[in-house]
Amino acid sequence: MAEGDNKSANLIAQETAQLEEQLQGWGEVILAGDQVLRWEKPWFPGALVGATTVLFMLVYYLDPSVLTGLSCTVMILCLADYLVPILAPRVFGSNKWTTEQQQRFHEICGNLVKTQRRVLGWWKRLFALKEEKPKMYFLSVISSLVAVAWIGQQVHNLFLTYLIVSFILLLPGLNQHGIIAKYTAMAKREINKLLKQKEKKNE
């Protein structure tokens, strides 16, 4: 067991080092984005929601076709991939990195690697469920897709995408400031109260 844990830790360390090397040109931008996503200043959540709202209002106003939207998105990503490593050192000054910043960059890369491994693990478990319990797999997938299709039919797709993107962008800050843990604990307490009340009624 310990040998397996050591092997897994070594693989994570290797993948983290590789990712750090690949993202080195984006280091300053990633650190700045991390500060915004974790709400290091009180106005950051408002700025995140505001920027997201402006972007989606622009998309709504222009109403581009799927092909145009996809082409523009890929074009912006290609430009960013080319320009950011060139401009970031001049804007932020990479030679001013502190030990704390380097450590935070390492932590971010490590978290990205762990997240990727978790997603792959969920994907593998899904296929394992398909092999071991095909009926359960079929019912779970179909019911989930039907629920998503129903939600998509009830809510405008652009507005739904806006809500999802806004939640994803706010999630690190909500987690960092303990808001998710607080409301999760409250929900658990309420559920436990309801269960206890139900048990008393049954008695």
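Modeller: Contact means heavy atoms within 4.5 Å. Helices (H or I, at least four residues) are DSSP runs, numbered from the N terminus. The model is predicted: local features need pLDDT of at least 70, side-chain atom pairs count only at pLDDT 80 or more, and totals for chains, interfaces and linings use all residues. Residues are numbered from 1 along each chain as its sequence is written, and side-chain values use heavy atoms, without hydrogens and water.

Take α5. This helix has 34 residues. From first C-alpha to last, α5 reaches 49 Å, close to the 50 Å expected at 1.5 Å a residue (1.5 Å times one less than the number of residues).

Now its meeting with α6. L126, L129, K130, E131 and E132 in α5 meet P134, M136 and Y137 in α6. These contact residues divide into five nonpolar, no polar and three charged (Pro, Leu, Met and Tyr are among those counted as nonpolar, Glu and Lys among the charged).

Next, the inside. F105, I108, C109, G110, V113 and G121 of α5 are buried, meaning under 20% relative accessible area with a 1.4 Å probe, protein chains only. The largest nonpolar core has nine residues: I12, L19, I30, L31, W97, F105, I108, C109 and V113. Such a core is a set of buried Ala, Val, Leu, Ile, Met, Phe, Trp, Tyr and Cys residues joined through side-chain atoms within 4.5 Å. α1 (2-22), α2 (27-37) and α5 each supply at least two of its residues. α5 gives the most, with four.

Finally, L31. Leaving aside neighbours within four places in sequence, L31 is in contact with W97, Q101, R104, F105 and I108.

How values were computed. Buried < 20%, exposed > 50% of the residue type's maximum accessible area, 1.4 Å probe, protein only.
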